[in-house]
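Dear colleague,

Please find below the structure for your files.

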Amino acid sequence: MVKWTRPKCLVAVAAKMCHPLVPLVSGNGLQHNSQVRERLEYAAAWLLLKTFGVLPRPLARFVAARVAALLLWMRPRPRHAAMQNLNLAFPEWTNKQRRAAIRGMVRQIGWMVAEFARFPRYTKKNIERVVLLDGFENFAAAQTRGKGVIFLTGHMSAWELAPFAQALYGYPLHFLVRAINNPRVDALITHYRCLSGNSPIEKNQSARQVLKVLAAGGTIGILADHNTLLSEGVFVDFFGIPACTTAGLARFALHTDAAVVPGFLHWDPALRKYRLCFEPAIELVRTGDDVADVRENTQRFTRVIENYIRRYPEQWLWLHRRWTTRPPGEPPIYRD
């Protein structure tokens, strides 16, 4: 199960930016325009997916990368956030290096949209042409423990492709999802995500189902690299800055003794393929102090994520305002 946090789906974001603006009015007119907007967003998302889905893969990736660059140019706020994030994470870099990382990130985002559109065309027979597994013995060893596996991952490269490919390789999982506001677009995106055999779990109703999956020896995937609310997270070090990070992963692992296996997708330019790399399960800290154990294990998980980002900085989603939630009393980092 992969925890999908904002941006919920870049196809949905693109759909919002592609339809004509609908004027807001009051009363029944507002409801009517809301329905019109939903239909327009759905039409844009459907057309985007179908168009990229029928194009030859190299052309689809090329065009999608250009569209992603155009959309980012149209939205200066996330572009500025990306530069500020890179300033915080790599203060020793030049602005030229940061701009190059952003260009690489945008290209990865565009490629992911193209890959997402091609999900109906990927099968068990052809997935090796797109995604290779590295270190799969680490995931297999964790499975043999029989207590479930928590798949620790992040918004690296074409992150939507990671759980999809894993399922095609014969190891389907459940994903924790926060529904997209537009129900039509949400149904479309969920349909694509589940084509390989994965199953969704609604985020607001997740705890009991997550425990049930782990108790049955299943796999839960969690994207643990995004900002979270103060009430839902703990502060740990991320690139030397306190970052509010989901505590749910550590709590689930400590409660169930499930193995936490890091798994990250990255693009290998030499092979012209993606690699889905699994590392050995992370050893959990258990001191008997629940609060301290949750924080220490969350720090361990976050350190693994940071190490991957440092290895492939141009493939992480720098658009996200990772340090939005601040420790009480500290000033905000992001200023519009």
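Of the 336 residues of the protein chain, 55% are buried, where buried means under 20% relative accessible area, exposed over 50%, and partly exposed in between (1.4 Å probe, protein chains only). Please note that this is a predicted model, in which local features need pLDDT of at least 70 and side-chain atom pairs count only at pLDDT 80 or more, while totals for chains, interfaces and linings use all residues. Residues are numbered from 1 along each chain as its sequence is written, and side-chain values use heavy atoms, with hydrogens and water left out.

The protein chain has eleven helices and nine strands; helices (H or I, at least four residues) and strands (E, at least two) are DSSP runs, numbered from the N terminus. Among contacts (heavy atoms within 4.5 Å) between residues at least 6 apart in sequence, 76% join residues at least 24 apart.

Seven strands form an open sheet with mixed pairing, in the order β1-β9-β8-β2-β5-β3-β4; two strands pair if DSSP finds at least two bridges between them. Because β1 (131–134) and β4 (199–202) stand at the edges with a single partner strand each, one side of each is left without a neighbour in the sheet. From one strand to the next, the twist averages 30°. Within the sheet, β3 (residues 174–177) and β5 (residues 219–223) pair in the parallel sense over two bridges, and histidine 174 has isoleucine 220 in β5 as its bridge partner.

Helix α11 (residues 290–311) lies across β2 (149–153), β8 (259–268) and β9 (273–278), and runs at about 10° to β8. Axes here are lines fitted to C-alpha atoms, for helices over the stretch in contact, and angles run from 0 to 180 degrees between N-to-C directions.

The largest nonpolar core has 98 residues, of which Val131, Ile150, Leu152, Leu161, Val260, Tyr274 and Trp318 touch the most other members. Helix α5 (residues 95–117) gives the most to this core, with eleven residues. Such a core is a set of buried Ala, Val, Leu, Ile, Met, Phe, Trp, Tyr and Cys residues joined through side-chain atoms within 4.5 Å. Beyond its neighbours within four places in sequence, leucine 152 is in contact with residues including Ile222, Val260, Phe264 and Phe301.

The structure holds zero disulfides (pairs of cysteine sulfur atoms within 2.5 Å). Cysteine 244 is buried, at 0% relative accessibility, whereas cysteine 194 is partly exposed, at 22% relative accessible area.

Yours sincerely
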